[in-house]
Amino acid sequence: MNDNADGDDGSRRNRSYQPSRRDFLAASGVLGSGALAGCMDFLPSTGSTSASELSIGDFRGSGPLVEQRDAPGGTTIEELPELSGELTMYLGGGESGLYLDLIDLLEQYYPDFTVDHQDGAASDLANRISEENSAGSTRADLFMAVDAGALGAVANNGAAVSLSSDLLDTVPGAYQDGDGRWIGFAGRARAVPYNTDELSASDVPSTVQDFPSADAFADSFGWAPSYSAFQSFVTAMRLINGDDETRQWLTSMQDLGVSTFNNEFLVSNRVADGEIAGGFANHYYALRVQSDRSSAPIDLAFTEGDAGALVNVSGAQILQGTQKQDLAETFIQHVLSAEAQEFFATRTYAYPMIPDVEPVGGLPTIDELNPPDIELSELSDIGGTVDMLREVGIL
């Protein structure tokens, strides 16, 4: 998927990252009383706000932690070409509502700009786009998806155009397609939420291959195998370790007594409840639990260099056949603006994709994480992963 964006070697990453990989939430004060209050209210009521009145505060979340943030760096909306006209967009994944919140702000800022959207599962929309492209009847200008695998599938089927080099230069190469056919705008790290009343950081293995033998998690571990982020994680494991080893790992995890949940927010809540000692989930779910329950006994650990350390992205691509490529590219520029990246960092707890915007305080930076060295576009074989999960009786 991605190598380290700045090319640091492992020793440097471990020196800077190791202290924060374990117990980073409590140490940073991110989860202090009330620190995240209000951050899940994704948009203020701005229906009557005029463009001239919009500011960084309209894009930023709320709460004491956010109030301590400096103004974000990067290119501001005021420095970009104006948005004018209508775009038709497919929105893929469970976070499409967050995209719409941002789009609503952009429509307020530009009264002559509108987005006509259709949402659905990212994989389903990727298949539809590929079918429409084959038939020469593409109905959308742009695809925004929560998962790089879906974007890769569209690109591999020749249904996306190459983006300009100026746009691609905005984001580190690890978080875009090697041929420039999609670009990431928000990152999410795989993580291990664990209950701090039951475990310490040293109880959490540093590699996913060691989890089946971790006695601390016997009959007390959770996952959400129907969730797209989990399936991308297993796809990464297949790429790194091969199908046979991955199949054996899945079977061994079942032998550990892992519990199945519908989504990873639920996994993280059950960890905080003490129903299970730990689980697999995207990093931001523990933060969202704490936004509701500031004293919940939950912390995060990250594995290193393996599929469990995957940093996936939400991204965007321009579809083959559009007559509005310039407008679509200008829109993506806005999604990568300082204001939009601050939106993703402080309202969704995602990792910003531009270096000049920091993640929410306490999270290790994206450069301090130690993800596996694979191309994100290679995660497109979700179908093979689903077949494997069914074969071993997980789905």
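The legends below describe close-up views of a predicted model.

**View 1**
The chain has 395 residues, and buried residues make up 58% of them. Of the contacts between residues at least 6 apart in sequence, 80% join residues at least 24 apart.

**View 2. The largest nonpolar core, a set of 120 residues.**
Phe 143, Met 144, Phe 280, Phe 331 and Ile 332 touch the most other members of this core. The largest share of the core comes from strand β4, which supplies 7 residues.

**View 3. Helices α9 and α10, packed at an angle of about 135°.**
Two packed helices are described by the angle between their axes and the distance between the axes. Helix α9 spans residues 228–241 and helix α10 spans residues 243–256; their axes lie 7 Å apart. Angles from 65 to 115 degrees count as roughly perpendicular and those over 145 as roughly antiparallel, and at about 135° the two helices are therefore oblique to each other. On the α9 side, the contact is made by Phe 233, Val 234, Met 237, Arg 238 and Asn 241. On the α10 side, Asp 243, Glu 245, Thr 246, Trp 249 and Leu 250 take part. By class, this contact of α9 with α10 has 5 nonpolar, 2 polar and 3 charged residues.

**View 4. Helix α15 and its buried residues.**
Helix α15 covers residues 382–391. Its buried residues are Ile 382, Gly 384, Thr 385, Val 386, Met 388 and Leu 389. Helices α9 and α10 are included in what covers them. After α15 comes Gly 393, which has a positive phi near 85°.

**View 5. Helices α6 and α7, packed at an angle of about 10°.**
Helix α6 is made of residues 122–134 and helix α7 of residues 148–156, with 9 Å between their axes. Angles under 35 degrees count as roughly parallel, so α6 is roughly parallel to α7. Ala 122, Ser 123, Ala 126, Ile 129 and Ser 130 of α6 meet Ala 150, Ala 153 and Val 154 of α7. The residues of this contact divide into 6 nonpolar and 2 polar, with no charged residue.

**View 6. Gly 94, in the loop between β1 and α5.**
The loop that holds Gly 94 runs between β1 (85–92) and α5 (96–109). Gly 94 has a relative accessibility of 83% and therefore counts as exposed. Gly 94 and Ala 121 are 27 residues apart in sequence, and their C-alpha atoms are 7.3 Å apart in space.

**View 7. Asp 219 and Tyr 349, two residues with a positive phi.**
Most residues other than glycine have a negative phi. Asp 219 is not a glycine, yet its phi is positive, at about 55°. Asp 219 is found in the loop between β4 (183–195) and β5 (221–223). With 61% relative accessibility, Asp 219 counts as exposed. Tyr 349 also has a positive phi, near 65°. The loop of Tyr 349 lies between α14 (338–347) and β11 (351–352). Buried means under 20% relative accessible area, and Tyr 349, at 1%, is therefore buried.

Terms used:
Residues are numbered from 1 along each chain as its sequence is written. This is a predicted model: local features need pLDDT of at least 70, side-chain atom pairs count only at pLDDT 80 or more; totals for chains, interfaces and linings use all residues. Side-chain values use heavy atoms; hydrogens and water are left out. Axes are lines fitted to C-alpha atoms, for helices over the stretch in contact, and angles run from 0 to 180 degrees between N-to-C directions. Helices (H or I, at least four residues) and strands (E, at least two) are DSSP runs, numbered from the N terminus. Contact means heavy atoms within 4.5 Å. Ala, Val, Leu, Ile, Met, Phe, Trp, Tyr, Cys and Pro count as nonpolar, Asp, Glu, Lys and Arg as charged, and the others, Gly among them, as polar. Buried means under 20% relative accessible area, exposed over 50%, partly exposed in between (1.4 Å probe, protein chains only). A nonpolar core is a set of buried Ala, Val, Leu, Ile, Met, Phe, Trp, Tyr and Cys residues joined through side-chain atoms within 4.5 Å.
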